[in-house]
Amino acid sequence: MEPRDREGTIGLARPDDVKTTGRVIVVGPYLRTRRGDDGASASQSEMRDVEARIDEAAGLARAINLTVAESILALIGQIRPATYLGKGKVDEIAGVIASQDAELVVMDCALSPIQQRNLEKAWNTKVLDRTGLILEIFGRRAKTKEGALQVELAHLNYQRSRLVRSWTHLERQRGGFGFMGGPGETQIEADRRLIGDRITRLENELKKVQATRRLHRAGRQRVPYRVVALVGYTNAGKSTLFNRLTRADVQAADMLFATLDPTLRAISLPHGGKAMLSDTVGFISNLPTQLVAAFRATLEEVLEADVILHVRDMSHEDAEAQQHDVELVLSQLGIDPEATDSLIEVWNKIDRLDDAARENLANIASRRPPERPCLMVSAETGEGVDALLQAIEDRLAAARTTLDLTIDAADGAGISWLHRNAEVLAKELHEGHYDMTVRVDATKRDIVVERYHGVPRVA
């Protein structure tokens with residue numbers, strides 16, 4: 001019987017085999033920072049960084065209902081090719097696993113297939129690295145067909161190189177064709193071939209998804225609705241802010257990757273305009289490259305957005321490091337955070353800060369250049385949300401042209417076209433003609449100027 005994963009494709013044993021209430025050991029194998037030649041260990045501030053990292057890894061484990069029995073911070077001087085950790089640390093963790101009766105060990109790093117196999121032999125338990133854990137979370141969070149396709153593609157690409165560690169039967173050969181038989185193919189070759197076939201089918205299905213998304217974007221461009229995309233580190237409060245701005249009911253919880261599938265809703269701007277707000281998947285440090293590639297169709301919403309809101313959790317001790325991680329993923333998508341003029345930083349969760357910390361943030365925000373604005377908000381209480389909506393409207397208006405028009409009152413079709421394709425700011429009837437002020441984006445500016453003889457308004 002060929003082992004199959006829960007989607008029915010050939011694959012490695014997944015962490016679904018672990019009980020949802022199973023006990024897990026989380027290991028943070030981080031390289032020790034050295035100072036000079038004396039080999040001094042990391043400073044206190046650097047220690048807080050690694051402690052935040054292992055806390056995040058434990059949060060990832062809890063996100064799939066695992067019980068974290070113990071978190072072990074393992075600072076290492078170098079990475080061992082065979083086991084990642086040194087022999088002494090491997091033996092020490094083996095003792096902890098036995099005493100805690102752990103069923104799974106999560107290594108907060110990227111393990112090679114050989115390292116994963118050797119650790120499983122040494123500890124006699126399942127071992128999952130950071131990439132595998134994030135893939136498992138995404139697999140459980142994906143609700144739509146598109147999300148399931150993207151996660152399965154990422155998972156298959158990940159497990160294709162790890163078949164060798166999963167079963168002892170993989171070296172067995174199947175019989176060849178013809179009367180004489182022949183060497184046939186090994187089980188591992190057959191499984192890899194089946195995975196390759198499944199990957200090809202998924203990639204073809206995702207191409208259809210990309211085509212559908214392009215049609216949806218083209219449809220939105222035919223109406224005067226601009227797109228505002230939320231991005232940010234996981235658990236930064238994007239979904240809570242999304243609900244606050246749109247009065248929607250998207251799941252928002254204090255956990256990593258609480259929501260996965262993208263959502264679009266309309267928002268009302270202060271002066272009556274409309275925009276589409278897109279909530280995207282949260283980013284995280286060391287986001288698996290398989291996921292960045294698989295979710296590119298989803299993340300293309302960010303590429304097409306007129307305004308990007310980078311939501312940051314300013315109450316988190318690693319807020320600066322999280323900002324760097326998000327900007328790194330944006331760079332991978334082709335967006336330069338330093339060069340783009342569409343990015344607005346949203347400093348969220350200020351309700352968790354004391355008065356001194358809030359005053360300090362306000363002073364920093366006041367010194368930011370106008371082209372790199374940041375707004376202090378609390379998605380939970382609503383503080384600062386009105387100012388954020390005004391900033392969104394101002395940024396959208398800056399990318400559009402305001403035109404003064406005079407149009408015959410009898411030209412009903414022309415007036416109707418303007419209402420569908422532009423933002424009508426003012427409209428007054430004077431002796432058989434309308435004096436109108438409209439705001440249009442760059443794609444329709446020339447059409448309006450040529451057809452209606454529009455005159456750009458001087459600021």
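Mentor: Start with one cut-off: a residue is buried when its relative accessible area is under 20%. Keep in mind that this is a predicted model.

Trainee: Is Arg312 buried or exposed?

Mentor: Arg312 has a relative accessible area of 5%, so it is buried.

Trainee: Which residue meets the side chain of Arg312 in a salt bridge?

Mentor: First the general idea. Side chains of opposite charge can pair when their charged atoms come close. Here, Arg312 pairs with Glu345, at 3.0 Å from N to O. The two come from distant parts of the chain, 33 residues apart: Arg312 sits in strand E8 (residues 307–313) and Glu345 in strand E9 (residues 343–348). Glu345 is also buried, at 2% relative accessible area.

Trainee: What does Asp313 pair with?

Mentor: Asp313 forms a salt bridge with Lys349, and their closest N and O atoms are 3.5 Å apart. Asp313 is in strand E8, while Lys349 is in the loop between E9 and helix H11 (355–366), so this pair ties together parts 36 residues apart in sequence. Asp313 is buried at 7% relative accessibility. Lys349 is buried too, at 9%.

Trainee: And where does Glu383 lie, and where does Arg358?

Mentor: Begin with the contact. The side chains of Glu383 and Arg358 meet in a salt bridge at 2.4 Å, N to O. Glu383 is in the loop between strand E10 (374–376) and helix H12 (385–398), and Arg358 is in helix H11, so the bridge ties together parts 25 residues apart in sequence. Now apply the cut-off. Glu383 is partly exposed, at 34%. Arg358 is partly exposed as well, at 23%. Other bridges share partners: Arg312, Glu320, Glu338, Glu345, Arg368 and Arg372 are joined into one network.

Trainee: How many salt bridges are there?

Mentor: The count is 13 salt bridges.

Trainee: Now a helix. How many of the nine residues of H7 are buried?

Mentor: Read a helix residue by residue, then look at what surrounds it. Seven of the nine residues in helix H7 (residues 238–246) are buried, so the rest of the structure largely encloses this helix. Among them are Leu241, Phe242 and Leu245. The buried residues of H7 pack against strands E5 (226–232), E6 (263–268) and E7 (274–279), and also against E8, E9 and H12.

Trainee: On to open space. Which residues lie nearest the centre of the largest pocket?

Mentor: Rolling a probe the size of a water molecule over the atoms shows where empty space is left. In this model, the largest pocket holds about 510 Å³ of space. Its lining has 29 residues, with Ala52, Glu56, Tyr233, His316 and Gln322 nearest the centre. The elements giving two or more residues to that lining are helix H1 (44–62) and helix H10 (319–332). H1 gives the most, with seven residues. By class, the lining has 14 charged, nine polar and six nonpolar residues.

Methods
Residues numbered from 1 in each chain as written. Predicted model: local features only at pLDDT ≥ 70, side-chain atom pairs only at ≥ 80, totals over all residues. Heavy atoms only, no water. Salt bridge = Lys/Arg side-chain N within 4 Å of Asp/Glu carboxyl O. Helix = DSSP H or I, 4+ residues; strand = E, 2+ residues; numbered from the N terminus. Buried < 20%, exposed > 50% of the residue type's maximum accessible area, 1.4 Å probe, protein only. Contact = heavy atoms within 4.5 Å. 1 Å grid on protein atoms, 1.4 Å probe; cavity = no way out; pocket = protein on both sides within 12 Å on 5 of 7 lines; lining within 4 Å. Points joined across faces, edges and corners; volume = space filled by probe spheres on them. Nonpolar A, V, L, I, M, F, W, Y, C, P; charged D, E, K, R; others polar.
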